[in-house]
Amino acid sequence: MTQVLELIFEMTDGKALTISVQNPKSSLTDVEVNHAMQSIVSSNVFARDGQAIIAKKSARIVERAVTEFEMN
């Protein structure tokens, strides 16, 4: 099963921006995620279509299981 940490931010135009992090550490805490997201907001290094990140919106870990079938 693969995991992805999705950090979701609010942009100046009211839309959401999601930053995905593959294989986050299993011991990740709310405090660590909040701190990382606040650092991203404060540093103002990410933008999309000229819109800046203005606030943290949410974060989640998404798990995905893939079952491959053998092809003959």
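Here are some numbered notes on the model above, starting with how to read it and then going through its parts.

1. **Before you start.** This is a predicted model, where local features need pLDDT of at least 70, side-chain atom pairs count only at pLDDT 80 or more, and totals for chains, interfaces and linings use all residues. Residues are numbered from 1 along each chain as its sequence is written, and side-chain values use heavy atoms, with hydrogens and water left out.

2. **The sheet.** Have a look at the strands first; helices (H or I, at least four residues) and strands (E, at least two) are DSSP runs, numbered from the N terminus. Four strands make an open sheet in the order E2-E1-E4-E3, and the pairing is antiparallel. E2 and E3 are the edge strands, since each pairs on one side only. Two strands pair if DSSP finds at least two bridges between them. As background, strands of a sheet pair through backbone hydrogen bonds, either parallel or antiparallel.

3. E3 and E4 run antiparallel and are joined by two bridges.

4. **Helix H1.** Does the length of H1 agree or disagree with what you'd expect? The expected span of a helix is 1.5 Å times one less than its number of residues. For H1, with 14 residues (30-43), that should give 20 Å, and the end C-alpha atoms are 20 Å apart, so the two agree.

5. Which residues of H1 are buried? They are Val33, Met37, Ile40 and Val41, where buried means under 20% relative accessible area, exposed over 50%, and partly exposed in between (1.4 Å probe, protein chains only). These residues cover an arc of only 100 degrees around the axis, so they sit on the same side of H1; the arc is that of the directions from the helix axis to the C-beta atoms. On the face turned away from the buried side you'll find the exposed residues Val31, His35 and Ser42.

6. **What H1 packs on.** The buried residues of H1 pack against strands E1 (2-11), E2 (16-22) and E4 (51-64). Contact here means heavy atoms within 4.5 Å.

7. **Glutamate 6.** Find this residue in strand E1. Glutamate 6 counts as buried because its relative accessibility is 15%. Leaving out residues up to four places away in sequence, glutamate 6 touches Thr18, Ile19, Ser20, Ser58, Ala59, Arg60 and Val62.

8. **Salt bridges.** How many salt bridges are there? A salt bridge is a side-chain nitrogen of Lys or Arg within 4 Å of a carboxyl oxygen of Asp or Glu, and by this rule the count comes to two. One is between glutamate 6 and arginine 60, with the closest N and O atoms 2.6 Å apart. That pair links distant parts of the chain, with glutamate 6 in strand E1 and arginine 60 in strand E4, 54 residues apart. Arginine 60 counts as partly exposed because its relative accessibility is 46%. In another salt bridge, the side chains of lysine 25 and glutamate 32 meet at 3.1 Å, N to O. Lysine 25 is partly exposed at 45% relative accessible area, and glutamate 32 is partly exposed at 32%.

9. **Arginine 48.** This one lies in strand E3 (residues 47-48) and, at 28% relative accessibility, counts as partly exposed. Arginine 48 and methionine 11 are 37 residues apart in sequence and 8.4 Å apart in space, C-alpha to C-alpha. Not counting residues up to four places away in sequence, arginine 48 touches Met11, Lys15, Ala16 and Leu17. The side chain of arginine 48 also reaches the backbone oxygen of alanine 16 at 3.0 Å.

10. **Positive phi values.** Keep an eye on a few backbone angles too. Asparagine 23, in the loop between E2 and H1, has a positive phi of about 50 degrees although it is not a glycine. Asparagine 23 is exposed, at 58% relative accessibility. Aspartate 49, in the loop between E3 and E4, also isn't a glycine, and its phi is positive, near 50 degrees. Aspartate 49 is exposed, with a relative accessible area of 74%.

Key:
Polar contact = N/O pair within 3.5 Å; in protein donor to acceptor, adjacent residues only side chain to side chain.
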